[in-house]
Amino acid sequence: MAKLYFRYGAMGSSKTANAIMVQYNYRERNQQVLMVKPALENRDGERILKSRCGLSTECVFMEELDQYDIRKYDCIIVDEAQFLTKAQVQQLVHIVDELNVPVIAYGLRADFMNRGFPGSTRLLELAHTIEEMKTICACGRKATCNGRKVNGEFVFEGAQVAIDTVD
């Protein structure tokens, strides 16, 4: 029986690198994987997933998922899952429950103000397995949330989504 996995962590916890390595493991066993991200995320190019450590792979947009015969795949891997809508999370639940294809979603749990993203909140409600991916804060302790810098200074207000280069 397939499961919906949600692997979340603060920025820098190697979520994208892990997603790409999981894809590699499936492909090494001659299994088919569909890499997916929301169209909103375009920092590294429209159809590219790229980790900070340099790993990269091609992907499709979540908004195009209906164009694919999902039953042909052994696994669906979704990166930047925090940007999913609640309806898109429901679509992933359908893939798992009705098509019996496992889905592994990676994303941030909350924004820089510690407010949950709609996609992440819904995944936390519905995922069969939830895993925290850990990383270390600049202070040396476990990182539990994200910060936002503008012109080198931390800010505590602003839009929930601001896709830009890392400062």
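Q: What kinds of residues line the largest cavity, by nonpolar, polar and charged?
A: The lining has two nonpolar, one polar and six charged residues (Asp, Glu, Lys and Arg count as charged; Ala, Val, Leu, Ile, Met, Phe, Trp, Tyr, Cys and Pro as nonpolar; the others, Gly among them, as polar). This is a predicted model, where local features need pLDDT of at least 70 and side-chain atom pairs pLDDT 80 or more, while totals for chains, interfaces and linings use all residues.

Q: Which residues are they?
A: Thr16, Glu41, Arg43, Asp44, Ile48, Leu49, Lys50, Asp79 and Glu80. Residues are numbered from 1 along each chain as its sequence is written, and side-chain values use heavy atoms, without hydrogens and water.

Q: Which strand gives the most to that lining?
A: Strand E3, residues 48-50, with three residues (a strand is a DSSP run of E, at least two residues; a helix is H or I, at least four).

Q: Changing topic, how many aromatic pairs are there?
A: Two, counting ring centres within 6.5 Å (planes under 30 degrees apart are stacked, over 60 edge-to-face, the rest tilted). One of them joins phenylalanine 83 and phenylalanine 117, edge-to-face, with 6.0 Å between centres and 80 degrees between planes.

Q: Where do phenylalanine 83 and phenylalanine 117 sit in the chain?
A: Phenylalanine 83 is in the loop between strand E6 (75-78) and helix H2 (86-99), and phenylalanine 117 is in the loop between strand E7 (103-107) and helix H3 (118-126). The two are 34 residues apart, so the pair links distant parts of the chain.

Q: Is phenylalanine 117 buried or exposed?
A: Buried, at 4% relative accessible area (under 20% is buried, over 50% exposed, in between partly exposed, with a 1.4 Å probe and protein chains only). Phenylalanine 83 is buried too, at 16%.

Conventions:
On a 1 Å grid over the protein atoms alone, a cavity is a set of points where a 1.4 Å probe fits but cannot get out, and a pocket is an open set with protein on both sides within 12 Å along at least five of seven lines; lining residues have an atom within 4 Å of a point.
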